[in-house]
Amino acid sequence: MRRFAPGQSIVWRSIDRARDVVQTVWPWSVVRDDPGGVVLYMPVGTVGKQRTGERGGPRDRLMIRWDGGHRHVTWHSADVVRLYQEGDAFSIWIARDEATRAVVWRYINLEEPWRRTAIGFDSRDWWLDLWSDPGSDEWRWKDEDEIAWLVAEGHVDGALAAEVRAHGEEAVRRVRAGTTLLDPSWSSWRPDPAWQIPVIPPSWRDLAPR
């Protein structure tokens, strides 16, 4: 198995395999990639890719009709450490203030289990997520209105929505049981000052990059 080195710039892509569409691309710096798990880092100012086209649904956040293009989107507000264990249907995000380094929020991102590629990891974002204030054991659902709208409009199967919610409940159970990579040490972790802001490689559109 190919593993990535600390400080290496890779990308995490959300891909619709049924339609062979690269939906979203974010570059990350590798903190750790070993049998125990994957840890990535994305600082403020990182530039990703997002599809363009007609949007709708709650707060116009959902893609209704893709026009075939992508636009640049810049990450802002907080630096993020992302924790993942192979085979999981979620990753955990720890967001820290760019200036003070204090944790400002935590996030459970529900997604398909990651697949390794030559340039990083492929997955698919699952719309519904959870968030928590720093130091709190209470996890709240996020974007329930979006998944409800997608099911009502026939864009997402109700069975899949229920499955995603079950993955979220399992993720919370594991966080509380201490069987994820979430650890207080990440609150004080600092990146190597020599690391550059990660960037997207030219092959980001390729479904099987080399």
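How many nonpolar, polar and charged residues does the lining of the largest pocket have? By class there are 17 nonpolar, nine polar and 16 charged residues, where Ala, Val, Leu, Ile, Met, Phe, Trp, Tyr, Cys and Pro count as nonpolar, Asp, Glu, Lys and Arg as charged, and the others, Gly among them, as polar. This is a predicted model, in which local features need pLDDT of at least 70, side-chain atom pairs count only at pLDDT 80 or more, and totals for chains, interfaces and linings use all residues. Residues are numbered from 1 along each chain as its sequence is written, and side-chain values use heavy atoms, with hydrogens and water left out.

**Terms**
- On a 1 Å grid over the protein atoms alone, a cavity is a set of points where a 1.4 Å probe fits but cannot get out, a pocket is an open set with protein on both sides within 12 Å along at least five of seven lines, and lining residues have an atom within 4 Å of a point.
- Grid points are joined across faces, edges and corners, and a volume is the space filled by probe spheres set on the points.

**Largest pocket**
- The largest pocket holds about 1500 Å³ of space.
- Of its 42 lining residues, Thr24, Gln50, Arg55, Arg61 and Asp125 are the closest to the centre.
- S5 gives the largest share of this lining, eight residues; strands (E, at least two residues) are DSSP runs numbered from the N terminus.

**Second largest pocket**
- About 190 Å³ of space lies in the second largest pocket.
- Among its 13 lining residues, Arg106, Leu182, Asp183, Pro184 and Ser187 lie nearest the centre.

**Cavity**
- There is one cavity of 30 Å³ or more, and the largest cavity has about 40 Å³ of space.

Key:
Helices (H or I, at least four residues) and strands (E, at least two) are DSSP runs, numbered from the N terminus.
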